[in-house]
Amino acid sequence: PVDETTRKYNMILHKVLEDIGVEVYEIPRFEVNGNIISASKVRKFYEQNRWNLIKQMVPEHVYEYLRSRKNDR
């Protein structure tokens with residue numbers, strides 16, 4: 001993770017759970033063109049009406065839902 005807080009949280013999670021026998025797997029963040037996708041980026045682009053960028057980041061049904069919500073305003 002890029003975020004220091006998340007990195008520390010994951011490190012502690014590994015230690016605590018593995019000490020009691022639970023195996024921990026970190027799933028890599030989804031990326032598009034080398035950029036990590038985050039909800040905050042999608043929200044920012046949503047407010048800026050940057051639909052071309054949103055379309056690259058989310059599944060088609062999510063994109064359509066967001067477009068329909070924006071059109072309802």
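# Salt bridges, helix faces and buried polar side chains

Glu 60 and Lys 55 form a salt bridge in which the closest N and O atoms are 4.0 Å apart. The model is predicted, and a search of the whole structure finds three salt bridges.

**Salt bridges**

- In the pair that opens this briefing, Glu 60 is partly exposed, with a relative accessible area of 42%.
- Another salt bridge links the side chains of Arg 7 and Glu 4, at 3.2 Å from N to O.
- Arg 7 and Glu 4 sit three residues apart in helix H1, so about one helical turn separates them.
- Arg 7 has a relative accessible area of 39%, which makes this residue partly exposed.
- Glu 4 is partly exposed as well, because its relative accessibility is 41%, and the cut-offs for that class are 20% and 50%.
- Lys 15 and Asp 19 make a salt bridge too, with 2.7 Å between the closest N and O atoms.
- These residues, Lys 15 and Asp 19, are four apart in helix H1, which again means a separation of about one helical turn.
- Both Lys 15 and Asp 19 are exposed.

**Helix H4**

- Helix H4 covers residues 60–72, and its 13 residues should span 18 Å at 1.5 Å a residue.
- Within H4, the residues Tyr 63, Leu 66 and Lys 70 are buried.
- Looking down the axis of H4, the buried residues fall within an arc of 65 degrees, and therefore they line one face of the helix.
- On the face of H4 turned away from the buried side you will find the exposed residues His 61, Asn 71 and Asp 72.

- Ser 38 belongs to the loop between strand S2 (35–36) and helix H2 (39–47).
- With a relative accessibility of 16%, Ser 38 counts as buried, because the cut-off for buried is under 20%.
- The side chain of Ser 38 makes a polar contact of 3.1 Å with the side chain of Ser 40.
- A polar atom of the Ser 38 side chain also lies 3.1 Å from the backbone nitrogen of Lys 41.
- Over in helix H1 lies Asn 10, which counts as buried at 15% relative accessibility.
- The side chain of Asn 10 is joined to that of Glu 26 by a polar contact of 3.2 Å.

**Nonpolar surface patch**

- Met 11, Ile 12 and Val 16 make a nonpolar surface patch of about 310 Å².
- Val 16, one of these patch residues, is found in helix H1, which runs over residues 4–19.
- At 47% relative accessibility, Val 16 is classed as partly exposed.

Key
Residues numbered from 1 in each chain as written. Predicted model: local features only at pLDDT ≥ 70, side-chain atom pairs only at ≥ 80, totals over all residues. Heavy atoms only, no water. Helix = DSSP H or I, 4+ residues; strand = E, 2+ residues; numbered from the N terminus. Buried < 20%, exposed > 50% of the residue type's maximum accessible area, 1.4 Å probe, protein only. Polar contact = N/O pair within 3.5 Å; in protein donor to acceptor, adjacent residues only side chain to side chain. Patch = residues over 30% accessible without salt bridge, like charges linked within 9 Å, V, L, I, M, F, W, Y side chains within 5 Å. Areas by Shrake-Rupley, 256 points an atom, 1.4 Å probe, with all protein chains shown as cover. Expected span 1.5 Å × (residues − 1). Arc of directions from axis to C-beta.
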